[in-house]
Amino acid sequence: MDSSPSDLDAVELLCSAELELMGVLSGASNHTLLARLGVGGDSYAVYKPRRGERPLWDFPAGTLCRREVAAYRISVFLGWDLVPPTVLRDGPLGVGSLQQFVRHDPSEHYFTLVEDPAVHGRLAQLATFDLLINNADRKGGHVLRVAASDRLVAIDHGLTFHTDPKLRTVIWELGGTAIQDGWRADLQRLYAGLRNGEDVVADLLATEEVDMLCRRAELLAGMRELPDPPRDRRPYPWPPV
């Protein structure tokens, strides 16, 4: 599992920097804070302490921060560069996930970006990724365009990797879009690695969750196109943004 040099630098900073809490990020359902990396530094991160997680009936308590990190690791393993660098570490409010803050224009989100045909390929890759990690909460505001760049990234992956079908996403307009051969090869490589016991996310997820991730990777590697919304359950998150 290889990260780019810039990602490696970011991960090292996230792991080692002193955290200076700047304040709570509004609109988050869990306790989410902006932290400066190093006193007086110019790099920031989003800190989600485990003890600030709101209890949910369908996800084990205290596991959302681990799922955030697992999503980043899977993105890295696939080589898709979809999730900002994210680590699990101790902080001022205890153990939690720490993710590189993405400088972006908050007026841009999935519902504005989907109007740009130039990013449909990236959105299709993200939709494939969400199928893989069984994302139960892909809101429009979780899709960001990096400032001064055309690169898209995705954030907020706490509600992922459940063993039951949980996919709730706003990205359904791309149903029928091809899953590229290269992505399918990446998914096959992930399936083979997990099946052979490669330690990708075993320290972050329950054994049965890793087993189901392996199964989803195998199924997606054999799919030719993105599906349409299911009709037997609610396929959209709320609120959508």
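Is R189 buried, exposed or partly exposed? R189 is partly exposed, with a relative accessible area of 36%. The legends below walk through this side chain and some others in what is a predicted model.

**View 1. D186 and R189 pair up within helix 5.** The closest N and O atoms of this salt bridge sit 3.3 Å apart. The two residues are three apart in helix 5, so about one helical turn separates them. D186 has a relative accessible area of 18%, so it counts as buried, the cut-off being under 20%.

**View 2. K48 meets E68 in a salt bridge.** Here the closest N and O atoms are 2.7 Å apart. The pair links distant parts of the chain: K48 belongs to strand 3 (residues 44–49) and E68 to helix 2 (residues 64–78), 20 residues apart. K48 is buried at 17% relative accessibility, and E68 is buried too, at 5%.

**View 3. K166 and D58 form a loop-to-loop salt bridge.** Their closest N and O atoms are 2.9 Å apart. K166 comes from the loop between strand 7 (152–154) and helix 5 (181–195), while D58 is in the loop between strand 3 and helix 2, so the contact ties together parts 108 residues apart in sequence. K166 is buried, with a relative accessible area of 9%; D58 is buried as well, at 15%.

View 4. For context, a search of the whole structure turns up 16 salt bridges.

Note on methods. Residues numbered from 1 in each chain as written. Predicted model: local features only at pLDDT ≥ 70, side-chain atom pairs only at ≥ 80, totals over all residues. Heavy atoms only, no water. Salt bridge = Lys/Arg side-chain N within 4 Å of Asp/Glu carboxyl O. Helix = DSSP H or I, 4+ residues; strand = E, 2+ residues; numbered from the N terminus. Buried < 20%, exposed > 50% of the residue type's maximum accessible area, 1.4 Å probe, protein only.
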